Amino acid sequence: VTTCQVPPLRPWGILVLRPLTGREGIWPPRFAAIDHQGAPAVRLLSPERDATVRFTTDGSNPDADAAVYREPIPIESCREIHARSYRSGTASAASVLGHLPAVGQGAKSLLANGDFSQGTDSWRRVVSQPAGSGNALEFAVEKVEKLGNRFAARLEVKASDGVPYHLRLVQPVDVSKEAKLYVTATLLADRRTRVRFGIQGRTAPYRVIHVGILEIGPEPRRFRWGMANPHGDLDAQVQLDLGYCAPGTTVWLSDVTVRELRSGE
């Protein structure tokens, strides 16, 4: 509807917005990045309750005959999204989201069985000394009610020496030089705990692309990362480290995606 510049506020201030009398307008829709059916997508949101959102993906601004937004738009299917809100024949300004992958050049998936629908295939449990025997970490796959009855890896810590990487769930991935990655995962635990999640090289000197410490608990949390490989081609692995968890802790991991954006995207 309008744009304004906010001046520096020292030490603080209040900005008050009031609509002009006799003027009507419609707020344009905004974009939200989400995961939809395991792939990056865009959701269109309108602050106008009774407005219809229309969009195009061919670079043109939508008119009153353009497609009506009803569900998330996969970003792999279009290069650019234009959207407008319509109400009673009046259109908002256009919102534009560009620099999306060209058709047929979308994000390439690096991970197998990220939804655990194929059981434990492609994933490996790693227990290092002196954390204990292989029984220090139990690994199975089950459907979890809190995750909408989706499959998840069930990881139960039986013993731990407190070193995070001594208890680990991993899957190898090959990451190309300067690759840009989009990584997501959902985590849940039966108690408040810390875990580490990330991607790094499988062999010394264990070059790190990104590894972070996460706080998780009884409510599912969806994590998203954008990261870039600063190294050359890397024989790497996706890893969930559970050595911080106290014995008796159970952690669930689901909906893991690792996508590599190709050059120019």
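The model is predicted, so local features need pLDDT of at least 70 and side-chain atom pairs count only at pLDDT 80 or more, whereas totals for chains, interfaces and linings use all residues. Residues are numbered from 1 along each chain as its sequence is written, and side-chain values use heavy atoms, with hydrogens and water left out.

**Sheets**

- An open, antiparallel sheet is formed by 3 strands in the order β1-β2-β5, where strands are DSSP runs (E, at least two residues) numbered from the N terminus and two strands pair if DSSP finds at least two bridges between them.
- At the edges of this sheet stand β1 and β5 (73-74), each with a single partner strand, so one side of each is left without a neighbour in the sheet.
- Strand β2 (residues 39-45) runs antiparallel to β1 and is joined to β1 by 7 bridges, and alanine 39 in β2 stands opposite histidine 36.
- Another open sheet has 5 strands in the order β10-β13-β18-β15-β16, again with antiparallel pairing.
- Its edges are β10 (124-127) and β16 (208-216), each of which has a single partner strand, so one side of each is left without a neighbour in the sheet.
- β10 pairs with strand β13 (residues 167-175) in the antiparallel sense over 4 bridges, and arginine 168 in β13 is the bridge partner of valine 126.

**Aromatic rings**

- The structure holds 4 aromatic pairs, counted for rings of Phe, Tyr and Trp (its six-membered ring) whose centres lie within 6.5 Å, with planes under 30 degrees apart called stacked, over 60 edge-to-face and the rest tilted.
- One of them is the edge-to-face pair of phenylalanine 55 and tyrosine 69, at 6.4 Å centre to centre and 75 degrees between the planes.
- This pair links distant parts of the chain, 14 residues apart, with phenylalanine 55 in strand β3 (residues 52-56) and tyrosine 69 in the loop between β4 (67-68) and β5.
- Phenylalanine 55 is buried, with a relative accessible area of 16%, where buried means under 20%, exposed over 50% and partly exposed in between (1.4 Å probe, protein chains only).
- Phenylalanine 197 and tryptophan 225 are both buried, and ring pairs link Phe197, Phe223 and Trp225 into a cluster.

**Surface patch**

- Val6, Leu9, Leu15 and Leu17 form a nonpolar surface patch with about 400 Å² of accessible area together, by the Shrake-Rupley method with a 1.4 Å probe, for which only the protein chains shown count as cover for residues.
- Patch residues have over 30% relative accessible area and no salt bridge, with like charges joined within 9 Å and nonpolar side chains (Val, Leu, Ile, Met, Phe, Trp, Tyr) within 5 Å; a salt bridge is a side-chain nitrogen of Lys or Arg within 4 Å of a carboxyl oxygen of Asp or Glu.
- Leucine 9 is found in the segment before β1 (30-36) and is partly exposed, with a relative accessible area of 43%.
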